[in-house]
Each structure stands twice: as C-alpha cells, then as structure tokens.
Amino acid sequence: RPGQPCLLCHADSGRAGHFTVAGSVFQTPDDARPLGGIAVRLIDASRREFVAYSNCAGNFFVYPQEYEPTLPLWVSLSGHGIAIDMESPMNKDGDCGTCHQGKKSPTSAGAVYLTDDPARSAMIPIGACGGARP
C-alpha cells in the first residue's frame, strides 16, 4: 500500500510486523509510480546511521532489530545519480506516510520523491527497480 501511513499496522500495537521507520518513494512529486532501489539514509539524534533500500513497490522499512532510532531523525534519498535531503527532521515517529500522503496540501507534505527536476527525472529508467542494495 505505497503512500499509506505504514505504522498504523506495523507498530507494536498493530496487526502486522513491527517497523521502526517506513515509507514509500516516488520518482517525482506528481508521479504516482513507485521507485525501487533507492537508498534511504537515516541519521538519528545520537548520530547513528542506517541505510534502507526501497523495494519494487517503492516501499522501504526498518525492523527494530536492525535500527531503533532516537528521534529526531534526518532522512535523505539517493539513487540514479540523484540525491535529496528532507528539509526538516522527523520528530513524532518513523512513519513517513503520516505527513507524506497524496498531493502537497495544507495537511500533507506531499509524496516522498527523488527529484522535482523534469530533466533529472527523465534520466531515471522507466520501471527502474533494484529493490535492494544496488
């Protein structure tokens, strides 16, 4: 379910396996196609770092045994020669989908995306999916 709040189900009290950080990556803010094989670099308040990779559905997730971040959490994406940093840290929890639902609006930061530059977006192969560490 790309673009949905992941930790609604994937939390201690949820119906599915627990994740500490999870979200979905798309190519551009206006392109609903998921983007796989993207490195999602996480740095927490203790300066501990972890890198997750988006799968072919554009989703990435981190299990507690892999990385239990101390908030706030800073996030950056990279892949296909493109890198982008999130402008503000995550303070509430590790659920990207809570703030990044649908189009950008007063109630949403918009989709998590790799680039908003049409020229750079055109360089990403259609159907690009690594799904794991490239």
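Modeller: Helices (H or I, at least four residues) and strands (E, at least two) are DSSP runs, numbered from the N terminus. This is a predicted model, in which local features need pLDDT of at least 70, side-chain atom pairs count only at pLDDT 80 or more, and totals for chains, interfaces and linings use all residues. Residues are numbered from 1 along each chain as its sequence is written, and side-chain values use heavy atoms, with hydrogens and water left out.

Colleague: Does Ser 54 count as buried or exposed?

Modeller: Ser 54 belongs to the loop that links strand 3 (49-53) to strand 4 (59-62). Buried means under 20% relative accessible area, exposed over 50%, and partly exposed in between (1.4 Å probe, protein chains only). Because its relative accessibility is 0%, Ser 54 counts as buried.

Colleague: Which residue has its backbone oxygen 2.7 Å from a polar atom of the side chain of Ser 54?

Modeller: Ser 54 lies in a loop, between strand 3 and strand 4. A polar atom of its side chain is 2.7 Å from the backbone oxygen of Leu 35.

Colleague: Why is strand 5 described as largely enclosed, and how many of its residues are buried?

Modeller: Strand 5 spans residues 73-79, and the rest of the structure largely encloses it. That description holds because, of its seven residues, the number buried is five.

Colleague: Which residue in strand 6 stands opposite Leu 77?

Modeller: Strands pair if DSSP finds at least two bridges between them. Strand 5 runs antiparallel to strand 2 (residues 39-44), with six bridges, and Arg 41 stands opposite Ser 76. Strand 5 is also antiparallel to strand 6 (residues 82-85), with four bridges, and here the residue opposite Leu 77 is Ile 84.

Technical notes
Polar contact = N/O pair within 3.5 Å; in protein donor to acceptor, adjacent residues only side chain to side chain.
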